[in-house]
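Colleague: I have a few questions on this chain. Can you walk me through them?

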Amino acid sequence: MRILYLQKDPFVNMGVTQLVACTNEAGHESSLIIENAEGNLRRAIRRVDPDVIGFSVTTGLHLWALQQAHKVKRWFPHVKTVFGGMHATFYPEMIEGDVVDVVCRGDGEDALVEYLDALEHGHDPTGIRNLWIKDDRGAIHRNPMRPLEQNLDRYPFPDRSIYDRYPFVKNQKIEGFITGRGCPDNCSFCFHVGLKKIMKGLGQYSRRKSIEYVISEIEDFLAKYPLRRLVFRDDTFIVGYHDYVKPLLAEYRKRIGIPFSVLIRADYMTEESVRDLAESGCFAVKMGVESGNEYMRNKIMHKHLSNEEILQCMGWLKKYGIMVQTSNILGSPGETLDSAWETLEFNAKLAPEHAWCSLIQPYPGTTIQDLVMKDGMMPPGFDQDEFEQSYFMTTPVDVENKREITNLQKLFPLAVRYPWLQPVVKEAIKLPPNQVYNFLFKAHYGYSIMRINDMEFLDFLRIGWYTRNYFSQTSF
């Protein structure tokens, strides 16, 4: 069977590369199209002539995917559409429309292979676990979840060659890798809380690949592609430091040696782990601060992390010359203009290379969603189809001084980098939201991301061109 993966933006989707590896190993043919890089989408799809088109969707982006699936069904009625990813996992009911044939909930490797095998051999696919499937009569078969695969080494290395068609992706010389799946934490704004509920009783949620698998996967990639920088995209890389991360870093230094970046939590760090990261080639980290107000961070966002722990970790990172991007969220339930300013001032005290700041989105499955729905903090009748594609533009949560907080989020990175601007920003946020603030935010965000990721300027320009409509909302 021929399966085509259709995506919007010019970034490597790591989940797709894993699916491609598994379906190719099973004897199926895989292709990928980046819609933003195609002049004529219909012609590009016809050239592939797929039997199945897959979409990996998050909330907000699912509107674009539904829009494309609608076109696919109009152009090629025989093609089956399969939706997976976080939004499909939490809202499998999206299959009830006219454009979705299959929804995959949770891990998709085995389920997708079984589905393609069934289509190829003319077997009935309607009983495959993890899938909701619409049969030829329109009846929906809602199958249960399968046990979580504990041996991640069982899967083949992700197949990134699916992106070779697009030189602006292939030639970036920056690539992401993950050491495992799941997260031990329960932050209220994160999808992991909801996934743990859905997958309760199906096996250990947080799982890791063996150290040898991770290193061999990187070596396999390096044998095919030049690489200048590497990113470990695990939600919290440093978990299980002495048993897993420390020996992984030792093997990494010996066999890889390329500069890399990771995501961390301050309370998991010690000076020893920071020093080991630096000595192994870690040049940058992304660290969650979320709020400078400890009540907001711990009681509302469930981070259970003190300002002192963050300051101590930042001191170690600076001592060993590691760049830092902090992650922050404004507009959570209970947020006031004063607490938002605390977040800005705390970040200015930390003085990171980049202060990343978004607006709260009560996504499906999160504890924050339960809280805002319970307290009536959402617009009447709001549903998942009204989420913005980007969490950088606005929030549906009704908080005090929402206009000022929304403006502050746009000017936040500049006011952290240049604290002398803060008196000006305090007055500027009183104005109506406007395109100037949006432009300043995007410009500074782009510059800082290029610096943190050590991205080459031409690559940055190419990515900017192909993501020019990223911040726009798609309606369906």
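Colleague: How far apart are the mean positions of the positive and negative charges of the protein chain?
Modeller: This is a predicted model, so the figure is computed from its atoms. The protein chain has 56 positive and 61 negative charges.

Colleague: Which radius of gyration does the protein chain have, and why does it agree with a compact globule?
Modeller: The protein chain has 476 residues. A compact globule with 476 residues would come out near 23 Å. The value for the protein chain agrees with that: 22 Å.

Colleague: What share of the residues of the protein chain count as buried?
Modeller: Buried means under 20% relative accessible area. The count runs over the 476 residues of the protein chain. The buried share is 56%.

Colleague: What span should helix α3 have, and how far apart are its end C-alpha atoms?
Modeller: Helix α3 covers residues 61-75, which is 15 residues. At 1.5 Å a residue, α3 should span 21 Å. The distance between its end C-alpha atoms agrees: 21 Å.

Colleague: Is α3 mostly covered or mostly open, and how many of its residues are buried?
Modeller: α3 is mostly covered. Its buried residues include Trp64, Lys73 and Trp75. Of the 15 residues of α3, the number buried is 11.

Colleague: What covers the buried residues of α3?
Modeller: Both strands and helices take part. Among the strands are β1 (2-7), β3 (52-56) and β4 (80-84). The helices include α2 (41-48) and α4 (86-90).

Note on methods:
Residues numbered from 1 in each chain as written. Predicted model: local features only at pLDDT ≥ 70, side-chain atom pairs only at ≥ 80, totals over all residues. Heavy atoms only, no water. Rg over C-alpha atoms; globule rule 2.2 N^0.38 Å. Buried < 20%, exposed > 50% of the residue type's maximum accessible area, 1.4 Å probe, protein only. Lys, Arg positive; Asp, Glu negative; His and termini not counted. Charge placed at Lys NZ, Arg CZ, Asp CG, Glu CD. Helix = DSSP H or I, 4+ residues; strand = E, 2+ residues; numbered from the N terminus. Expected span 1.5 Å × (residues − 1). Contact = heavy atoms within 4.5 Å.
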